[in-house]
Amino acid sequence: MEVGNEQGRAQGNGRSDTPAEKPRTSPCNSLKMFLVALSFAYFAKALSGSYMKSTITQLERRFDIPSYLIGVIDGSFEVGNLLVIAFVSYFGAKLHRPKIIAVGCVLMSIGTFIIALPHFIIGRYQYETSVRWVVNSTLNPSPCPVGSPSDLAQDRKLSHVPATACEGDSNLSMWIYVLLGNVLRGIGETPVQPLGISYIDDFASDENAALYVGCVQTISVIGPVFGYLLGSLCAKIYVDIGFVKMETITITPSDARWVGAWWLGYLIAGVITLLSAIPFWFLPRSLHIPGAQGSEKCTPEQTSFIKDPHSGKHKYPADQNTTFIEMAKDFIPSLRTLLGNPVYLIYLCVSIIQLNSLIGMVTYKPKYIEQHFRQSASKANFLMGVINIPAVALGMFSGGLLMKRLKLNIMGAARFAFGTSLIGYILSLFFFAMSCENAKVAGVTLPYISLDSISYDKHSVFAACNSDCFCSESDWDPVCGENGITYVSPCLAGCASSSGSGKNTVFSSCSCVGVAGNFTASTGQCPEKDDCDRMFPYFLALSVITSFIISLGGTPGYMFLIRCIKPQLKSLALGFHAMATRTLAGIPAPIYFGAIIDTTCLKWGQKRCGGLGACRIYNTTAYRIAYLGLTLSLRSISFIICIPGFILLSRQLRKEERNAVHGALANGGTELEALRKEEFVVSNSDQSQQTADRETRL
């Protein structure tokens with residue numbers, strides 16, 4: 001009978017729910033559609049962002065600019081975010097969030113296309129070289145020109161392009177397009193994170209919110225895998241592919257003068273970003289989940305990863321009928337309330353310092369692999385995409401899963417994030433021991449007189465062996481001598497003649513290579529990679545382990561940010577956090593990291609129209625100390641700030657527990673008083689009823 005009654009009730013419920021089930025898209029399905037669309041948008045923005053970092057050395061060489069200026073270009077993305085993020089986060093939370101995200105994706109794609117624009121405006125890439133590609137050419141001059149200084153000056157003047165072409169090819173204004181495109185890309189990216197995460201947290205159950213956020217952030221980390229792989233592929237392709245004959249190119253991808261097809265990846269990333277905007281135009285402004293009915297449709301589990309007696313405590317309805325003026329009036333008080341939360345302020349300071357370390361490290365990590373371990377740009381990007389980034393993705397997903405399984409509360413999430421970051425910091429100290437000696441370059445890393453040991457003192461590229469040649473010390477056209485020493489150019493190696501063409505050119509009678517002057521030299525730097533090849537696998541293994549451990553605390557740390565403030569301030573807190581970290585970390589970190597790296601340069605390239613260009617070779621020891629030392633010093637400061645943060649958090653949680661107990665006692669006393677009143681009323685009614693009965697009997 002009970003089964004039959006239950007079936008009857010179920011059927012009754014089914015009949016009563018029929019009108020509500022007419023729309024084919026349920027709130028749960030709409031949320032899943034939004035989750036898929038947001039994941040694709042995260043993938044697109046992460047792909048283009050990581051591709052930008054993979055092209056750093058390519059842009060340096062193409063536009064002849066130092067590392068700090070590349071840092072300015074990279075930080076311009078955060079400038080775009082800064083311009084609009086506070087207003088988008090606050091006002092956008094009360095408007096149609098999916099459509100605002102769609103507009104942002106369109107702006108991102110336009111900005112990405114603008115970044116690639118200089119390639120189609122600027123002239124062909126020209127690098128300094130003394131190698132001729134024409135076979136059996138009778139116009140192949142001696143690498144060591146002999147004559148008067150005036151003759152040499154006249155010869156160089158004729159060999160250079162005309163002044164008008166030089167002015168048009170000076171590249172002084174071309175990198176501005178890259179900067180402006182990156183600013184527009186930053187403006188478009190603004191609504192994706194705060195509005196997307198707050199939308200999920202508003203309409204997902206408390207238990208599933210952490211898992212959904214973990215999934216989205218995992219997808220956003222998968223994006224860089226494809227971004228770096230795309231960077232690796234484009235770095236192998238010559239920049240002017242399709243516009244020049246490839247047999248005329250006398251350098252290889254491992255050469256410090258090589259520039260890959262950096263523009264091609266931006267065109268691909270722009271198309272992908274444009275496609276990510278389409279689904280958001282068809283998603284609803286808000287989802288109405290009526291408590292139990294919504295729970296029945298979405299079938300969540302009964303337990304919550306944060307134990308909370310109130311199921312909807314963190315939910316804040318975004319679809320409110322408030323005017324723009326009312327929202328504007330409420331902005332300053334809301335911001336004052338947010339900044340009055342000491343736990344939020346401590347978290348903000350720690351995030352800013354740690355992101356300074358993270359952004360600086362990630363921005364120049366491919367460059368560090370190239371310079372320190374003498375790998376090509378293509379291989380460095382490939383390793384970042386295939387080995388390092390998947391470890392980060394797995395760590396972030398595992399962190400969200402562990403948070404759900406362990407049912408971590410706010411304090412547990414904070415401790416988990418701190419512990420993983422501390423373990424990763426300790427392991428990172430071992431990077432200092434993974435050293436690799438620099439290449440032996442005569443006149444740069446060692447003197448001509450003593451070619452045995454590397455010395456980073458100031459050396460002269462001129463010596464007695466090349467005194468008869470009128471050479472330019474600014475050129476970078478390296479050749480490898482038979483003695484295993486690299487020389488800055490064939491002229492500075494004292495080579496008198498050459499044979500062959502293109503990459504197979506051999507320079508002979510090089511007076512600086514051997515005493516007798518009958519030794520030869522070949523194009524390009526000497527490999528000298530034995531010591532680096534032994535150390536490089538250990539570097540990669542430790543890099544993967546530390547990346548995985550540190551990223552484990554990513555999702556718990558992000559959920560801590562959402563839970564440590566009032567639900568009404570959730571979108572504003574996310575937006576202000578993003579604005580502060582972009583202003584104080586995203587913008588300055590690439591600039592000062594790049595400026596410090598520039599101080600370790602040993603040999604600067606020369607612009608065709610005068611002035612210093614991109615760095616050709618670095619002091620690897622100074623580079624390692626500056627790069628790793630700055631990264632770990634910043635993280636040390638963040639750990640110190642965490643101590644008062646934990647103290648304030650524990651006090652706040654104890655205060656909330658006391659308030660909850662007092663509230664429960666007060667509610668209990670009120671209920672008891674009401675119960676007594678009911679009993680009193682019932683007893684009085686019974687007495688009056690008994691009196692009436694007696695009177696009736698009488």
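1. In strand β3, Y487 is the bridge partner of A442, strands here being DSSP runs of E of at least two residues, numbered from the N terminus. Two bridges join β1 to β3 (residues 486-487), and these strands run parallel; two strands pair if DSSP finds at least two bridges between them. The model is predicted, with local features needing pLDDT of at least 70 and side-chain atom pairs counting only at pLDDT 80 or more, while totals for chains, interfaces and linings use all residues. Residues are numbered from 1 along each chain as its sequence is written, and side-chain values use heavy atoms, with hydrogens and water left out.

2. β1 belongs to an open sheet of six strands in the order β1-β3-β2-β6-β5-β4, with mixed pairing. Its edge strands are β1 (441-442) and β4 (495-499), each of which pairs on one side only.

3. Aromatic pairs number 22, under the rule that ring centres of Phe, Tyr and Trp (its six-membered ring) lie within 6.5 Å, with planes under 30 degrees apart counted as stacked, over 60 as edge-to-face and the rest as tilted. The pair F536 and F539 is stacked because the ring centres are 6.3 Å apart and the planes stand at 15°.

4. Both F536 and F539 lie in helix α18 (residues 530-552; a DSSP run of H or I of at least four residues), three residues apart, about one turn of the helix. Both residues are buried, that is, under 20% relative accessible area with a 1.4 Å probe and protein chains only. F536 and F539 also belong to one aromatic cluster with Y368, F373, F431, Y618, Y623 and Y627.

Definitions and conventions: Buried < 20%, exposed > 50% of the residue type's maximum accessible area, 1.4 Å probe, protein only.
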